[in-house]
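Please open the structure in a viewer and keep the sequence beside it.

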Amino acid sequence: MSEQSSSPPSPAADLWGAVEGLCGWLDASRPDDGPDRVLLRILKLSEEVGEVAQAVVGATGRNPRKGVTHTWDDVSAELCDVAVTALVALRTLTPEAPEVFAHHLKRITERSLGGRGEA
């Protein structure tokens with residue numbers, strides 16, 4: 001018997017398609033956000049960044065009352081949540097999110113690497 005892969009394609013293969021899908025799912029789940037929708041999605045970033053900080057404190061055991069509560073894999077996962085949340089917020093702000101992001105990344109790369117980041 002041949003096994004067929006029933007798993008969906010990797011979101012990394014289609015980053016902006018995945019972001020678009022997440023925005024649609026959020027819109028369908030929270031239709032009452034109205035004009036505050038973009039503001040709430042931007043504010044969600046603060047929550048996610050706080051979770052990164054909590055994971056770092058937990059991974060390093062810096063809270064003597066709790067000790068080591070997280071791993072560096074937890075920190076990585078929380079950083080990914082921040083990145084996804086930022087991209088969803090950007091897409092909520094503008095339908096041209098892929099172009100806006102690409103242009104901004106190019107500016108940062110050119111400023112920081114002096115063109116060395118181009119293949």
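Helices (H or I, at least four residues) and strands (E, at least two) are DSSP runs, numbered from the N terminus.

Before going on, note that this is a predicted model, in which local features need pLDDT of at least 70, side-chain atom pairs count only at pLDDT 80 or more, and totals for chains, interfaces and linings use all residues. Residues are numbered from 1 along each chain as its sequence is written, and side-chain values use heavy atoms, with hydrogens and water left out.

**The whole chain**

Of its 119 residues, 18% count as buried; buried means under 20% relative accessible area, exposed over 50%, and partly exposed in between (1.4 Å probe, protein chains only).

**Inside helix 3**

Return to helix 3 (72–93) and colour its buried residues: Val75, Glu78, Val82, Thr85, Leu87, Val88, Ala89, Leu90, Arg91 and Thr92. These buried residues pack against helix 1, helix 2 and helix 4 (97–113). An α-helix has 3.6 residues a turn, so residues three or four places apart point the same way.

Select leucine 87 in this helix. Why does leucine 87 count as buried? Leucine 87 counts as buried because its relative accessibility is 11%. Beyond its neighbours within four places in sequence, leucine 87 is in contact (heavy atoms within 4.5 Å) with Leu15, Trp16, Val19 and Phe101. Draw a distance from leucine 87 to phenylalanine 101: 14 residues separate them in sequence, and their C-alpha atoms are 8.6 Å apart.

Next, select valine 82, which also lies in helix 3. Valine 82 is buried, at a relative accessible area of 17%. Which residues does valine 82 touch, not counting those up to four places away in sequence? They are Leu45, Glu48, Val49 and Val52. Glycine 50 is 32 residues from valine 82 in sequence, yet 9.6 Å from it in space, C-alpha to C-alpha.

**Helix 2**

Move to helix 2 (37–60). Its 24 residues reach 35 Å from first C-alpha to last, close to the 34 Å expected. Colour Val38, Arg41, Glu48, Val52, Ala55, Gly58 and Ala59, which are buried in helix 2. The buried residues of helix 2 pack against helix 1 and helix 3. Just after helix 2, select glycine 61, which takes a positive phi of about 70°.

**The largest pocket**

Finally, find the largest pocket, which holds about 320 Å³ of space. Of the 14 residues that line it, the closest to its centre are Leu26, Arg41, Lys44, Thr85 and Val88. On a 1 Å grid over the protein atoms alone, a pocket is an open set of points where a 1.4 Å probe fits, with protein on both sides within 12 Å along at least five of seven lines; lining residues have an atom within 4 Å of a point. Which helix supplies the largest share of the lining? Helix 2 does, with five residues. Helix 1 (15–29), helix 2 and helix 3 each supply at least two residues of the lining.

How values were computed: Points joined across faces, edges and corners; volume = space filled by probe spheres on them. Expected span 1.5 Å × (residues − 1).
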